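Student: Hi! Could you walk me through this one?
Tutor: Happy to, here it is.
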Amino acid sequence: MYKIETTKIMKEIMSNYFLGMKDARKKYAWCTSVGPAELLRSFGFEVHFPENHGALLGATRSSGDLIPESASLGYNNDICSYLTSDIGSYLKKQTPLQEHYGLEGPPKPDIIVYNTNQCREVQDWFTYFAREFNCPIVGITPPRHVDEVTDVHINDVSNQFKAMIPACEAASGQKFDIDRFRETLQLSKEATDLWKKVLWTATASPSPISFFDATIHMGPIVVLRGTQVAKDYYTTLLKELESNVRNKVGFLEKERCRIYWDGMPIWGKLRPMSELFLQNHAAVVASTYCNSWVFDAFDVEHPFESSAKAYTEIFINRSEEAKEKILARLVEDFRIDGMIFHDAKTCANNSNSRFGMPQRITEKLGIPTLVVEGDLCDLRFYSEGQTTTKIESFIEQIENSKVYS
Ligand code: SF4
């Protein structure tokens with residue numbers, strides 16, 4: 001059975017990351033997953049990502065017990081289930097971090113930082129914790145749903161980055177050091193370039209990495225970008241995958257079709273989903289979700305401006321038209337035969353099926369599309385039986401309409 005050996009190292013790295021949070025002498029920043037982690041690390045903060053905790057709650061299927069807790073504070077059950085799971089976990093004092101790492105919960109924050117480039121929900125979510133911990137909170141509110149990112153956008157966001165510095169200095173007790181920021185950005189750039197190469201190994205057939213594998217291997221680029229550890233990890237992973245490409249070894253010997261997955265993973269169903277596609281010899285090889293941590297724009301010569309550009313031009317923050325152009329490119333690069341859109345019921349921001357995009361894609365690119373209903377964490381919105389039937393018929397349909405082979 002196909003196995004990515006480097007997974008062992010990833011587990012160790014993630015374990016060390018969480019165990020490191022036991023150290024009460026360190027300063028902790030909480031940050032959104034596509035927030036300014038490099039700037040925070042340049043002040044010496046360890047960085048905790050509540051969305052990563054949300055994904056953990058989803059993957060361990062803890063969310064079902066926790067979501068109702070946050071409803072008691074008025075957080076509606078149909079808003080972001082990362083938010084409702086995470087606040088529920090805090091209220092119930094229950095987290096898988098206890099069992100796996102002996103932590104009571106996420107570390108207490110010295111500063112909380114958000115970027116609404118992905119959604120407004122993160123601002124509400126983080127503000128709740130800022131009140132709870134009586135902790136400073138700062139944020140970036142970039143222009144949303146942009147077509148092309150312009151110099152006006154970059155100036156605006158770059159100034160917002162700079163405006164966070166006094167709060168970071170006060171919380172960390174360290175003066176801002178542009179060289180430290182450049183060093184962290186350089187490490188992040190190298191890691192993100194490697195991560196892109198890792199994802200792009202899936203352009204090969206047979207592909208050495210699936211979308212489901214990538215959702216696991218993206219751990220370090222989310223929580224440890226800006227560190228040597230992340231860079232070294234992706235160097236090793238890439239080496240293994242490139243060797244598999246050379247030897248024509250992949251997770252499927254023969255790919256019946258190649259599929260793009262749009263939107264969030266269904267964290268609590270990752271394994272059965274992955275198995276469903278494998279049993280049907282369908283290779284899910286691309287997603288814009290895992291690509292969210294590819295930041296082509298980082299440039300150490302212009303650390304603020306390039307960070308502003310990188311974090312504003314992410315897929316989720318683009319207009320429908322810009323998104324469709326990006327998808328057209330991926331379909332070509334990865335030789336995609338069909339697209340599955342996950343309509344995550346508690347995340348409209350990362351569900352692209354609601355304004356006619358699947359229909360337009362089929363019309364423009366000539367490939368079939370399918371919408372599956374589900375959610376990132378809240379499994380009440382997901383029907384396994386119905387989804388399996390839909391996906392199996394979709395794979396049949398793709399076979400009859402292949403563009404690329
Ligand atoms: S993008 Fe969606 S899942 Fe992520 S934090 Fe925002 S609302 Fe939640």
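Student: How many nonpolar, polar and charged residues are in the shell around the ligand?
Tutor: The shell has 7 nonpolar, 3 polar and 2 charged residues. Here Ala, Val, Leu, Ile, Met, Phe, Trp, Tyr, Cys and Pro count as nonpolar, Asp, Glu, Lys and Arg as charged, and the others, Gly among them, as polar. This is a predicted model, where local features need pLDDT of at least 70, side-chain atom pairs count only at pLDDT 80 or more, and totals for chains, interfaces and linings use all residues. Numbering starts from 1 along each chain as its sequence is written.
Student: Which residues are around the ligand?
Tutor: Among them are Glu-51, Cys-80, Tyr-82, Gln-118 and Asn-349, each with its C-beta atom, placed from the backbone, within 6 Å of the ligand.
Student: And which helices each supply at least two residues of the shell?
Tutor: α5 (81–92) and α7 (121–133) do; helices are DSSP runs (H or I, at least four residues), numbered from the N terminus.
Student: Switching to α3, is it buried or exposed?
Tutor: All 10 of the 10 residues of α3 (residues 50–59) are buried, so the helix is largely enclosed by the rest of the structure. Buried means 20 or more other C-beta atoms within 10 Å of a residue's own, with C-beta atoms placed from the backbone. Glu-51 is one of those buried residues.

How values were computed. A residue is buried if 20 or more other C-beta atoms lie within 10 Å of its own, exposed if 12 or fewer, and partly exposed in between; C-beta atoms are placed from the backbone.
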